[in-house]
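Me: I would like to go through this structure with you. Please keep the answers plain.
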Amino acid sequence: MHIKEKTISILKRFDIRNKLSYLPVLPKASVLIPLFVRHGRLHTLLTLRSKELRTSAGEVCFPGGKRDPRDRDDVDTALREAEEEIGLPPDGVEVVCRLFPIINKSGLLVTPVVGFIEESFCPSPNPAEVSAVFTVPLDFFTSEKDHYAAHGAAGMVGPLHSFYFMDSDSGIQYHIWGLTAMLAILVATIALRKTPEFEVSFDSEDPISFFQQVLQRRLSKL
């Protein structure tokens, strides 16, 4: 089986489907985690947010943002934001699954949407929102080599993960941390069926249980 088809089959097992119908109404956001195959390896695409933005300025993120009233669901939000931020057309994404949501530091319920894009996709960043777009091999997020962790960070359950990635195309080093790093680790662990070389809070065989518990804990404090 080709690596793309194999990965899709694995990821679909973790699709949340309608498991969250019990949740109270919360402000929502979505991110798109775009995957593609290059030279036989899975890669993902990330953005560097503009320094002019009011929130998370200058941080590395996946394309995404807040739910718009016109959006039908979490997938709509992720695809719309990706088109607005980097010029990725919705029909250029093969949506695979939605993973378990996480409440971020702003109180938004963030749903990760995973999809495949063509390797040939050429980003067209919106300078008002994105200052750079770069790609990272997915297995980078399971390696100890460029990984750092801080414990006891405010609002975090488990270690605060941090990576320093040197982009060989631009020569720029990017700092990937916080929720973005956690989501990248999660997708890499699931898609590659590989336990990270460093400590993580979730069970690599059953990550949903951990995120379910974290969500319940956060909801109980609202």
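Me: Is Thr189 buried or exposed?
Reply: Thr189 counts as buried, because its relative accessibility is 3%; buried means under 20% relative accessible area, exposed over 50%, and partly exposed in between, with a 1.4 Å probe and protein chains only. The model is a predicted one, where local features need pLDDT of at least 70 and side-chain atom pairs count only at pLDDT 80 or more, while totals for chains, interfaces and linings use all residues. Residues are numbered from 1 along each chain as its sequence is written, and side-chain values use heavy atoms, leaving out hydrogens and water.

Me: Where is the place of Thr189?
Reply: Thr189 lies in helix H3, which covers residues 178-192. Helices (H or I, at least four residues) and strands (E, at least two) are DSSP runs, numbered from the N terminus.

Me: And which residues does Thr189 touch, not counting those up to four places away in sequence?
Reply: Thr142, Lys194, Pro196, Phe202 and Ser204 are touched by Thr189 when residues up to four places away in sequence are not counted. Contact means heavy atoms within 4.5 Å.

Me: Turning to the whole protein, how many helices and strands does the protein have?
Reply: The protein has four helices and eleven strands.

Me: What share of its residues count as buried?
Reply: Of the 222 residues of the protein, 52% are buried.

Me: What about contacts between residues 24 or more positions apart?
Reply: Such residues account for 64% of the protein's contacts with a separation of 6 or more.

Me: Finally, what does the C-alpha trace span?
Reply: Along the principal axes of the protein, the C-alpha trace spans about 45 × 40 × 40 Å.
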